[in-house]
Amino acid sequence: MSNTMKAAVWYNQKDVRVEERDIKEVKDNDVKVKVSWSGICGTDLHEYEIGPILIQTDNPNKLTGEKAPLVLGHEFSGVVEEVGSNVKNLKKGDRVVVNPVVTTGKHSPETDRYYDFYSAGLHTDGSFAEYMISPAENVVPIPKELPLDKAALVEPLSVAAQAVKEAKVKDGDTIAVFGCGPIGLFVIVAAKAAGAKEILAFDLSEDRLHKAKEVGATQVLNTKDKDAVAYIKETYPEGVDASLEVAGVKPTFDSAISATKPKGNVVVVAIHARDFEFNPISLMTSGVKLSSSLGYEFETFKKSIDILMDKNIDVNPIMTKKVKLDNIVEDGFHSLSSDLTQAKILVELSGEI
Ligand SMILES: [Zn+2]
């Protein structure tokens, strides 16, 4: 067997090359996964368009000792190809997903990821490649009923499921989702799975609102036509139980606070690229609890597999396109940034289902 593989390697901004790359050795506690499908994340797109952001180019990552050029990709599924000598709970042929984020384990599961960590596809080689090597403890088998293309959604769904957990969404709640990009759509899915009864979704794109409805939003509004807060207050004068801010701009941040009832949770999930003025008195007068969500706990990652297995959940509208690894830049990155109808683009590696 050859010890190189085809991979999409990040060299620099606007410089991702599909080329032959060495396959790393499988250490005693590692698992080698033959990648089936790997989704393109907003993070990958940002590293391509305006990076480096998280990828290290000068100083190697503290935990991995690695720096660019590195294989991109961290949202993936695959089949175990080989296991290290210490690995007993996994074997060749197991269908799996991999939590790409490795933390030190020195802190609680709720907070560990806020300290030192590394992620596959950013700080070590990732999954836009035929093979990916991961610590065995991050590898999770999936039920045989879950197709491998859908399983590649476990990672981005986990980001949303964690945000819904931080928002303390419970059975019967009414929630507002500001922003219906890929993560906003997954937030709707996770909120529905958590038992939210009414899910109000807001965006400026009709295409995205259409998708929001398909995946579980009970009401959608284009905020070009009407102010979201005015709309919400007509039916819910006290405000919604929780708001999730997934757009990342001041107007949606302000709306999320104004739309939520006193002691309700406002959770910022979006990356805010720009500073803006904010007076904390709006928290005092509204009485809302403002917090944020970043990444996910390993438990949340595992639970996201169950969400995908839920018969009432349909994530198919989120999988908008499948592309070949060779065409990842043109059909993947360029398409994702120019076409608002795209949500999650999957890159085909082995293509196994
Ligand atoms: Zn991601």
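**Entry 1: a lysine to start with**

Is lysine 344 buried or exposed? I looked it up in this predicted model, and at 3% relative accessibility lysine 344 counts as buried. The cut-off I used for buried is under 20% relative accessible area.

Next I wanted its partner. The side chain of lysine 344 meets that of glutamate 75 in a salt bridge, at 2.9 Å from N to O. Lysine 344 belongs to strand E18 (residues 344-348) and glutamate 75 to strand E5, so this pair ties together parts that are 269 residues apart in sequence. I checked glutamate 75 as well: at 2% relative accessibility, it counts as buried.

**Entry 2: another pair on strand E5**

I stayed with E5 and moved along to glutamate 82. Its side chain forms a salt bridge with that of lysine 32, with 3.9 Å between N and O. Glutamate 82 sits in strand E5 (residues 75-83) and lysine 32 in strand E3 (residues 30-39), so the link joins parts 50 residues apart in sequence.

How exposed are the two ends? I found glutamate 82 partly exposed, with a relative accessible area of 36%. Lysine 32, in contrast, is buried, at 6%.

**Entry 3: a loop and a helix**

Which residue does glutamate 297 pair with in a salt bridge? I found lysine 165, with the closest N and O atoms 2.9 Å apart. Glutamate 297 lies in the loop between E16 and helix H9 (298-309), while lysine 165 lies in helix H3 (residues 154-166), so parts that are 132 residues apart in sequence are tied together.

Here I noted that the glutamate is the buried end: glutamate 297 has a relative accessible area of 6%. Lysine 165 is partly exposed, at 45%.

I then looked for salt bridges that share partners, and found that they join Arg21, Lys24, Glu66 and Asp125 into one network. For the whole model, my count comes to 20 salt bridges. A reminder to myself: side chains of opposite charge can pair when their charged atoms come close.

**Entry 4: helix H7**

Last, I turned to a helix. Which residues of H7 (residues 250-259) are buried? My list reads Thr252, Phe253, Ser255, Ala256, Ile257 and Ala259.

Methods. Residues are numbered from 1 along each chain as its sequence is written. This is a predicted model: local features need pLDDT of at least 70, side-chain atom pairs count only at pLDDT 80 or more; totals for chains, interfaces and linings use all residues. Side-chain values use heavy atoms; hydrogens and water are left out. Buried means under 20% relative accessible area, exposed over 50%, partly exposed in between (1.4 Å probe, protein chains only). Helices (H or I, at least four residues) and strands (E, at least two) are DSSP runs, numbered from the N terminus. A salt bridge is a side-chain nitrogen of Lys or Arg within 4 Å of a carboxyl oxygen of Asp or Glu.
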